[in-house]
Amino acid sequence: MANLPAQTAQQILADLDLAWQRCWSGLAREPALKRKGRPVGLRFPQGVQVRRLNRRWGALPLPKLGEARFRWTRPLTGEVKSATVCCAAGQWHVALCLEMEDRPAGPNRLAPVGVDRGVEIALVTSDGGQFHREMWTP
């Protein structure tokens with residue numbers, strides 16, 4: 001624990017607190033203990049500065065751990081807010097959380113709409129539209 005930055009340890013405790021809050025409210029089961037030898041993902045919530053080394057590689061300096069090189073697979077289209085480093089299938093991965101500007105999605109430049117498929121009403125959209133239709137055929 002002494003080798004971790006304080007903010008990373010705080011993020012782990014915040015995730016644990018959120019898991020118990022979701023359990024007590026009935027939204028999820030109680031959190032499972034991590035097995036020995038399986039690394040836990042570490043989130044670095046501040047001071048994340050990514051630099052590009054060349055076309056394929058980037059570097060991410062991690063506090064108290066040193067610099068981590070990673071494969072640059074897609075462009076970063078926003079400001080980097082946090083980085084999560086985790087191990088999956090024996091390989092280490094880094095996930096960057098970006099803050100992007102709000103803009104309408106889709107080719108029609110309209111705001112996105114969510115659709116809920118129901119039983120009594122066939123379709124309800126997030127902007128209040130209701131579409132009644134016979135869902136089942138004989």
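This is a predicted model: local features need pLDDT of at least 70, side-chain atom pairs count only at pLDDT 80 or more; totals for chains, interfaces and linings use all residues.
## Salt bridges between separate elements

The structure contains four salt bridges. One of them joins the side chains of D15 and R43, with an N to O distance of 2.7 Å. D15 belongs to helix α1 (residues 6–24) and R43 to strand β1 (residues 42–44), so this pair ties together parts that are 28 residues apart in sequence. Both ends are partly exposed: D15 has a relative accessible area of 37%, and R43 has one of 27%.

Another salt bridge is formed by the side chains of R51 and E67, again described by an N to O distance, here 2.7 Å. R51 sits in strand β2 (residues 51–52) and E67 in strand β4 (residues 66–71), so the pair ties together parts that are 16 residues apart in sequence. R51 is partly exposed at 42% relative accessibility, and E67 is partly exposed at 45%.

## A salt-bridge network

E79, K81 and E99 are linked in a network of salt bridges. Within this network, K81 forms a salt bridge with E79, and the closest N and O atoms of that pair are 3.7 Å apart. The cut-off for a salt bridge is 4 Å, so the distance of 3.7 Å between K81 and E79 falls within it.

K81 is partly exposed, with a relative accessible area of 37%. E79 is also partly exposed, and its relative accessible area is 48%.

## The sheet of β2, β3 and β4

Three strands make up an open sheet with antiparallel pairing, in the order β2-β3-β4. The edge strands β2 and β4 each pair on one side only. Strand β3 (residues 57–62) pairs with β2 in the antiparallel sense over two bridges. Six bridges join β3 to β4, and these strands also run antiparallel.

R51 has A59 in β3 as its bridge partner, and A59 in turn has R69 in β4 as its bridge partner. R51 therefore takes part in this sheet through A59 and also in the salt bridge with E67. β3 and β4 form a hairpin with three residues between them. In the turn of this hairpin, K64 has a positive phi of about 65 degrees.

## The loop residue A28

A28 is located in the loop between α1 and β1. A28 is partly exposed, at 32% relative accessibility. When neighbours within four places in sequence are left aside, A28 is in contact with R22 and C23.

## The sheet of β7, β8 and β9

A further open sheet has three strands in the order β7-β8-β9, with antiparallel pairing. Its edge strands are β7 (115–117) and β9, each of which pairs on one side only. β7 and β8 run antiparallel and are joined by three bridges. In this pairing, V115 stands opposite T125 in β8. In a regular strand the side chains alternate between the two faces of the sheet.

T125 is part of strand β8 (residues 123–125). T125 counts as buried, because its relative accessibility of 13% is under the 20% limit. The side chain of T125 makes a polar contact with the side chain of D127 at 2.4 Å. Not counting residues up to four places away in sequence, T125 touches V113, G114, V115 and F131.

## A nonpolar surface patch

V113, V115, L123 and F131 make a nonpolar surface patch of about 360 Å². Among these residues, V113, V115 and F131 are also touched by T125. F131 is partly exposed, at 48% relative accessibility, whereas T125 is buried at 13%.

Notes
Residues are numbered from 1 along each chain as its sequence is written. Side-chain values use heavy atoms; hydrogens and water are left out. Helices (H or I, at least four residues) and strands (E, at least two) are DSSP runs, numbered from the N terminus. Buried means under 20% relative accessible area, exposed over 50%, partly exposed in between (1.4 Å probe, protein chains only). Two strands pair if DSSP finds at least two bridges between them. Contact means heavy atoms within 4.5 Å. Patches are made of residues with over 30% relative accessible area and no salt bridge: like charges are joined within 9 Å, nonpolar side chains (Val, Leu, Ile, Met, Phe, Trp, Tyr) within 5 Å. Accessible areas come from the Shrake-Rupley method with a 1.4 Å probe; for residues, only the protein chains shown count as cover. A polar contact is a pair of N or O atoms within 3.5 Å; within protein, one must be able to donate a hydrogen and the other to accept it, and residues adjacent in sequence count only if both atoms are side-chain atoms.
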